[in-house]
Number of protein chains: 2
Amino acid sequence: MRLLPEPLIDATHAPKLRSWVESANTADCDFPIQNLPLGRFRPAGEEHAAVRVGVAIGDQILDLKLATDLCPWSEEMYPLLQPLAQGDLMAFMALGRPAWRALRAGLSQALAFDSEQGPFLESCVLPQKNALMQMPARVGDYTDFYSGIHHARRVGALMRPDEPLLPNYKFVPIGYHGRASSVGIEDLVIRPNGQTRSSGEQPHFGACKRLDYELELGLWVGAGNTLGLPVSMAQAEDKIFGVGLLNDWSARDIQGWEYQPLGPFLAKSFATSVSPWVVSWQALAPFRKPYERPVGDPEPLPYLDGDFNRSFGAINMTLEVWLQTARMRKERQPALRLSQSNWAEAAYWTAAQLVAHHTSNGCNLQVGDLLGTGTLSGPLFEQCASLLELTQGGKSPLSLPNGETLGFLQDGDTVTLRGYCTAPGAVRIGLGQVTATVLPALAC
Amino acid sequence: MRLLPEPLIDATHAPKLRSWVESANTADCDFPIQNLPLGRFRPAGEEHAAVRVGVAIGDQILDLKLATDLCPWSEEMYPLLQPLAQGDLMAFMALGRPAWRALRAGLSQALAFDSEQGPFLESCVLPQKNALMQMPARVGDYTDFYSGIHHARRVGALMRPDEPLLPNYKFVPIGYHGRASSVGIEDLVIRPNGQTRSSGEQPHFGACKRLDYELELGLWVGAGNTLGLPVSMAQAEDKIFGVGLLNDWSARDIQGWEYQPLGPFLAKSFATSVSPWVVSWQALAPFRKPYERPVGDPEPLPYLDGDFNRSFGAINMTLEVWLQTARMRKERQPALRLSQSNWAEAAYWTAAQLVAHHTSNGCNLQVGDLLGTGTLSGPLFEQCASLLELTQGGKSPLSLPNGETLGFLQDGDTVTLRGYCTAPGAVRIGLGQVTATVLPALAC
């Protein structure tokens, strides 16, 4: 792997850096001092308090309102902290990449073991378990891509055994507009009602019977572009503020009936879950790797190609889906891992390519927009990141160790997505998790 | 036609009502005192002035900031005028239907010929030609439906001659999520670049060669619903603040290559144009008519059915597309009407059905959301509301009276959409127009 250029990797990535927040220094921690994800929260029990922006560090949160008020900072830091102290993460995102880097450097210094600011900041920290997390941003537009080629091929094979992958797939980063209003971090998802095919003359309207999750990543747009002006591959990563987990809940039976000719609509728009902490694009620098296509595949068209993308465009991130059924919870059995895949192996298109393609027609991205990667399944069975794939369209339900049978999701099932990066010589960087439990459908 | 129930039709619809704004009293006026659409504007030449909310009346605008400051109003009106005086139409929309009705009644009284408020309001009026119109609201989510059955059938026939209308069409109000960020009222649209099929091994990337308009209506959502709680047919119209024209610019060649399997994406997201004046749902009351399906068609499923919808769900509105090419403009020839269709005849689904279906899975609508009806073509050739239909997929270009040939849109073409309602005994109510000129694509 080629050496990462400055300013991608800097002192904030030093593997020996430790924090005065002790829990940040353990090996399996998602949020070491090398991570420093941002999120929005209310202290538990303070439902009417203003929303705060905080930094996850170990199992704690540094409250940036208190930190701004109670701690001395360099002059450079105050304009960066100002929107954050007001709970407005989007206003900070809009400041652009130099600001993101500068804040990260300042926070890294302040949270480091020997920091002069440590004593001031000790009273600005609260346990994560005492915080009610909020949405990091108001989602402007939510776009869902389809960059997981193994997912696309497997799902395609269910519908078109003779042509699993359509001819456009290796040229076009396929995507569609998703529903922004129902993107959330709530830990409950209501099973939707909807129209599905029936054996009678009329379709059936009722509770979805084929409810599924999809393991995706969500890219948070931090800087927009003017309508009409495309973003080149060279500029594309400057638009990405950070990344989190995304569960693209899917009603397969509703989708199967409604999706032709204009794509998924109500099969998706009832809920999309995202993880509350936004891990900065920069924190992922040590895990970058070359973007490579299988031998014999076409080269990306010039507007989707670039030297930097070829050398460093992909990110080596492990992705997992965990399930706990209602019975497992009742019997105090821990959640079970259903799949483990890897972003770089799963995705046919890089984050930069998604941004460049999205804007290639002049479409404007805005601060707070969310780009889903699509389902990130690997080539192997245990890398299938949806039940549609794991059960072959429901035809081959799974047998769980406790004797239960898993087809699609049942009421009471809790689905948890996790993501983390590890590499030799680098400290583990995690995304945390997104978890939600399925509630029964409303009577109809 | 059955008699419309109160409170749908009231004194604000009285056909003999006249305004002290003289231009509102002419027969062909879009904005008589029976209309009173709301919009946002800046006085021309005052680029840095705060945005105002105004009411279109004749060829004038009543500035609601000045009107609030300079005119005495009933106590009931002040809380309604307050957000409007601040230029915040969305905050007013969020007040809900009783507030919309009350404001309408108050404005109707104030603008009437013998109004006591007339002398105070005379200085609060400016000519529409001296205003720079702004977007009426920040679009949260934009959904585009496909309710025009003649359009769906004709476009389907181009792609699937043996099955023009898919089996779901008469059961599901087909729709998809559109791009909110690029919805605008600008009078220029840049021809997009994009990937298209080519005869070679690789697709082509370059300027769209099959640029088209689509005549649609846009429904502005004024009241939302909580995530998880569907809106019934009985409540659905209470969510609709008003209606405007919508041009769903479409890059047919980009769409043809990208749209499988997830629907249109970059073929649409470069621009969607809307008209600046939002005509209230209530102003359309005199033009309601029964919602009827062709004999032999299936009944709507119960969640899309209702007595009120059957009796009054459709709206008799004339819709027109006008074209002026660059040469016509140079030679001072007026624009040419390309089509004339009717909402009630074109649409297979009513506005209430679109809302009920959209939320049937629990999806939440929010103030400022925009619902496109889909292309509203009638069954006849001269009712084709897109060039795709008028030219049979480009195979049969039109001959214009000046000798020009019209296939898809050329740079310099100006497209104007118009919509208006007429009925015996009712004053004409118009939507105004949305107009935009095609600019050349960026070099790529």
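1. Pro261(A) lies in the loop that runs between helix 8 (252-258) and strand 16 (272-274) of chain A. In this predicted model, the peptide bond leading from Gln260(A) into Pro261(A) is cis, with omega near 5 degrees. Chain B has a cis bond from Gln260(B) to Pro261(B), again with omega near 5 degrees. Pro261(B) is placed in the loop between helix 8 and strand 16 (272-274) of chain B. Most peptide bonds are trans, and these two sites therefore deserve a look during review.

2. A further backbone point concerns Gln392(A), which has a positive phi of about 50 degrees although it is not a glycine. Gln392(A) is located in the loop between helix 13 and strand 23 (398-399) of chain A. By way of background, a negative phi is what most residues other than glycine have.

3. Glu389(A) is joined to Arg154(A), and their closest N and O atoms are 2.5 Å apart. Over all chains, the count of salt bridges is 38.

4. One sheet of chain A is open and contains five strands in the order 4-3-2-1-5, with antiparallel pairing. Its edges are strand 4 (125-127) and strand 5 (131-134) of chain A; each has a single partner strand, so one side of each is left without a neighbour in the sheet. From one strand to the next, the twist averages 45 degrees. Within the sheet, strand 2 (residues 52-57) and strand 3 (residues 60-63) of chain A pair in the antiparallel sense over four bridges. Ile57(A) has Gln60(A), in strand 3 of chain A, as its bridge partner.

5. Another open sheet of chain A is built from five strands in the order 9-26-25-20-21, and here the pairing is mixed. Strand 9 (188-190) and strand 21 (336-342) of chain A are the edge strands, each pairing on one side only. Neighbouring strands are turned against each other by 25 degrees on average, direction ignored. Strand 20 (residues 318-324) and strand 25 (residues 414-423) of chain A pair in the antiparallel sense over seven bridges. In that pairing, Gln324(A) stands opposite Thr414(A) of strand 25 of chain A.

6. The contact between the two chains draws 59 residues from chain B and 59 residues from chain A. Together the chains bury about 5600 Å², of which 60% is on carbon and sulfur atoms. On the side of chain B, the residues that lose the most area to chain A are His177(B), Leu262(B) and Phe265(B), together 15% of what that side buries.

7. Asp141(A) forms a salt bridge with Arg179(B), the closest N and O atoms being 3.4 Å apart. Polar contacts between chain B and chain A amount to 28 residue pairs, both residues being at pLDDT 80 or more.

8. Several elements of chain B give two or more residues to the side that touches chain A: strand 6 (142-145), strand 7 (175-178), strand 10 (193-196), helix 8 (252-258) and helix 12 (351-359). Strand 7 of chain B gives the most, with four residues. By class, this side of chain B has 31 nonpolar, 21 polar and seven charged residues.

How values were computed: Residues are numbered from 1 along each chain as its sequence is written. Chains are lettered from A and ligands numbered from 1 in the order in which they are written. This is a predicted model: local features need pLDDT of at least 70, side-chain atom pairs count only at pLDDT 80 or more; totals for chains, interfaces and linings use all residues. Side-chain values use heavy atoms; hydrogens and water are left out. Contact means heavy atoms within 4.5 Å. Buried area is the accessible area (1.4 Å probe) that two parts lose on being put together, summed over both. A salt bridge is a side-chain nitrogen of Lys or Arg within 4 Å of a carboxyl oxygen of Asp or Glu. A polar contact is a pair of N or O atoms within 3.5 Å; within protein, one must be able to donate a hydrogen and the other to accept it, and residues adjacent in sequence count only if both atoms are side-chain atoms. Ala, Val, Leu, Ile, Met, Phe, Trp, Tyr, Cys and Pro count as nonpolar, Asp, Glu, Lys and Arg as charged, and the others, Gly among them, as polar. Two strands pair if DSSP finds at least two bridges between them. Axes are lines fitted to C-alpha atoms, for helices over the stretch in contact, and angles run from 0 to 180 degrees between N-to-C directions.
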